[in-house]
Amino acid sequence: MSFFKKLKEKFTQSTDAVTDKFKSGLTKTRDNFTVKVNNLVARYRKIDEDFFEELEEILIQADVGFQTVMGLIDELKMEVKRKNIKEPSEVQSAISEKLVEIYTAGEKSPNRLNIQEGSLTVILFVGVNGVGKTTTIGKLAYMLKQQGKKVMMAAGDTFRAGAIEQLEVWGDRVGVEVIKHTEGSNPAAVMYDAIQAAKARKADVLLCDTAGRLQNKVNLMKELEKVKRVIGREIPGAPHEVLLVLDATTGQNAMVQAKTFKEATDVTGIVLTKLDGTAKGGIVLAIRNELQIPVKFVGLGEKMDDLQPFDAEKYVYGLFSELIEQEHAEEA
């Protein structure tokens with residue numbers, strides 16, 4: 001059974017709202033990427049070197065990343081030989097399968113949060129200013145509350161004007177207490193107080209905001225190390241997650257940020273915001289393949305529940321949904 005057929009059976013008749021979010025959230029990428037792949041397939045009668053060169057260009061333009069594209073093209077060439085694929089249209093199913101393979105890379109649940117059942121889980125958020133970090137914290141707080149968890153937030157970005165107030169607005173919106181100090185105060189001290197308060201109130205999860213002044217990189221990274229040390233001293237093994245928030249619309253610039261933060265701190269996962277606002281959603285694969293960091297959540301819209309755990313199959317379905325549904329309609 002082709003991979004397209006598997007996705008078709010799994011998702012075409014689905015009434016799952018999350019699948020619909022991936023489908024609608026990836027509209028811009030799908031219009032950019034899939035339309036070009038369709039046109040490529042329609043123009044070629046055979047699979048030759050020119051076909052693969054054009055496919056390579058399409059993938060690079062979708063921000064899949066040079067290294068990832070080169071590996072993907074090599075694997076596709078091997079697959080074409082192994083399965084004796086003659087028709088260019090059959091390559092589409094092979095592409096979709098390889099995209100899922102790149103992402104999952106042997107892990108069954110790469111996007112699952114490391115929640116400590118029965119004790120306090122501390123999640124630290126890092127990332128430059130303007131990527132949607134505070135909004136992401138608010139939306140994750142909402143998601144965890146919907147799961148029945150008691151959540152608190154720590155306003156550790158004490159340097160950006162308005163950052164504390166912005167987190168408080170989200171705290172009011174989702175009904176979550178925010179531990180804060182005054183603007184300009186020591187972020188590590190905020191974290192210490194937030195942990196003591198979270199323990200006293202028997203919270204399940206503490207979500208910690210941090211500053212994002214990348215232009216002052218050395219100081220920022222020292223500050224993050226200090227914050228992590230304080231958290232680890234108060235709760236051995238914490239923070240249990242360090243989530244790097246990236247703006248998908250910045251494309252390869254997001255990769256540069258990811259490399260910088262990975263060098264400075266133990267990033268355990270990526271939150272990719274504004275995926276619905278970019279035509280270059282291939283950045284998901286570049287991050288996973290080149291940095292070996294799982295994308296744990298993606299932003300697929302402005303609503304409270306539009307932050308979703310990343311799902312590789314739903315992502316690929318979102319990319320190829322029109323093609324898969326067309327195939328379904330032809331068979332019906």
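I take buried to mean under 20% relative accessible area, exposed over 50%, and partly exposed in between, with a 1.4 Å probe and protein chains only. The model is predicted, so I kept local features at pLDDT of at least 70 and side-chain atom pairs at pLDDT 80 or more, while totals for chains, interfaces and linings use all residues. Residues are numbered from 1 along each chain as its sequence is written, and side-chain values use heavy atoms, without hydrogens and water.

Entry: D209. I found D209 in the loop between β4 (205–208) and α10 (217–234); helices (H or I, at least four residues) and strands (E, at least two) are DSSP runs numbered from the N terminus. D209 has a relative accessible area of 1% and is therefore buried. I looked up its contacts (heavy atoms within 4.5 Å). Leaving out residues up to four places away in sequence, D209 touches F125, K133, T134, I137, A154, G156, D157, L167 and M191. The side chains of D209 and K133 are joined by a polar contact of 3.4 Å.

Entry: α3 and α4. The axes of α3 (residues 27–43) and α4 (residues 49–61) come within 10 Å and cross at roughly 175°. The two helices are therefore roughly antiparallel, a label for angles over 145 degrees. On the α3 side I listed N32, F33, K36, V37, L40, V41 and R43, and on the α4 side F51, E54, L55, I58, L59 and Q61.

Entry: α4 and α5. The axes of α4 and α5 (residues 66–82) come within 10 Å and cross at roughly 145°. Residues in this contact include F52 and L59 of α4 and F66 and I73 of α5.

How values were computed. Axes are lines fitted to C-alpha atoms, for helices over the stretch in contact, and angles run from 0 to 180 degrees between N-to-C directions. Angles under 35 degrees count as roughly parallel, over 145 as roughly antiparallel, 65 to 115 as roughly perpendicular and the rest as oblique. A polar contact is a pair of N or O atoms within 3.5 Å; within protein, one must be able to donate a hydrogen and the other to accept it, and residues adjacent in sequence count only if both atoms are side-chain atoms.
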